[in-house]
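Colleague: Before I rely on the terms in your notes, I would like to hear what stands behind each of them.
Modeller: Then let us look at the structure together and take the terms one at a time.

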Amino acid sequence: MNAFASTALSAAEREQHSVQADLVAVLVAVTGGQPRILTTQGGDALPAGPFTANHRSLQASLRAWVETQTHHPLGFVEQLYTFADRDRSQEVGMRAISISYLALTRELDNAGDAQPGWQDWYRYFPWEDWRNGAPALLSQCIAPALRAWSDGAPEKVAASARWERVSVTFGLEGCDWNEELVLQRYELLFEAGLVAEARRDGVAASADRPLLGLAMRNDHRRILATGMARLRAKIKYRPVVYELMADSFSLLQLQQTVEALAGRSLHKQNFRRLIEQQALVEDTGHMSTAGAGRPAKLFRFRRNVLMERAIAGNKLPLARS
């Protein structure tokens, strides 16, 4: 092999092993009792940007461009997972990875105006909203489609195993609904060819089966599912929900925020008793004048208590009705 060929091979090898790293953010807010995520490209994608070398860390880079985009400082930030999507790699012509983060912020600016790009996260996962009980979509569409997929397994044992997995994941056949299994439910629907991303990825599925939820580009809906699951688990043992609240709030607003994230309705008295036991909030001495209903006491969270709770690891469990 001559020197030119050796040099060319070396360049090809370098290109083969080059990696493009992007940061993808699951930015969550709760506005008017609804869980919201910041999106781009008309709701098709999550905010994403390159890791820039002028920042000391990945998280510092993420904070910089997210805060520039949202005009809000980020509160809680946590790394989720590193994803390597084949479609994205094909688009950029090299190995591409996404380092994803979960972050909490506010949707409204200082003037109280909504910023563009925010979407209700249940548009992408309509089967995850159980605040008014099991969604009709589950019994009318998802369960029959997954039953057909299970029955279509090549062997009887495999069909039985598929349906057992469906029942546990989606709370069927007497199994309890577990709000934290967001990613597992999406992955199962993907495997069954019931989401558009699966069809795009070449997963074989019957053409008459429905496509569920609003699709996102690349693997962004999978990343969103990961963020939802992480936050639903997190609110049970850390008081991160307070990052989403205004400086003062009513207990009803606090309960509605937790319900929005968990996708479950909570028992009012039990929830308030739980908040009192944890001693995380204090009365501001003011009343809310918003709305036509009866004025409500306004509270604020006690920052010193929150610091102690975070260090001690005391739980803020999700109450159930």
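**Rings, charges and a buried threonine**

Modeller: Searching the whole of this predicted model turns up 7 aromatic pairs.

Colleague: Why is the pair of F125 and W127 called edge-to-face?

Modeller: The ring centres of F125 and W127 lie 5.6 Å apart and their planes stand at 80 degrees; since a pair needs centres within 6.5 Å and edge-to-face needs an angle over 60, the pair is edge-to-face because it meets both conditions.

Colleague: How do you know that the charged end of R185 sits over the ring of W177?

Modeller: The distance from the ring centre is 3.7 Å, where the limit is within 6 Å, together with a position within 35 degrees of the ring normal. R221 likewise lies over the face of F125, at 5.9 Å from the ring centre.

Colleague: Why does T257 count as buried?

Modeller: T257, which belongs to helix 9 (residues 251–262), has a relative accessibility of 6%, and buried means under 20%, so T257 counts as buried. Apart from neighbours within four places in sequence, T257 is in contact with V30, V241, L244 and M245.

Notes: Residues are numbered from 1 along each chain as its sequence is written. This is a predicted model: local features need pLDDT of at least 70, side-chain atom pairs count only at pLDDT 80 or more; totals for chains, interfaces and linings use all residues. Side-chain values use heavy atoms; hydrogens and water are left out. Rings of Phe, Tyr and Trp (its six-membered ring) pair if their centres lie within 6.5 Å; planes under 30 degrees apart count as stacked, over 60 as edge-to-face and the rest as tilted. Helices (H or I, at least four residues) and strands (E, at least two) are DSSP runs, numbered from the N terminus. Buried means under 20% relative accessible area, exposed over 50%, partly exposed in between (1.4 Å probe, protein chains only). Contact means heavy atoms within 4.5 Å.
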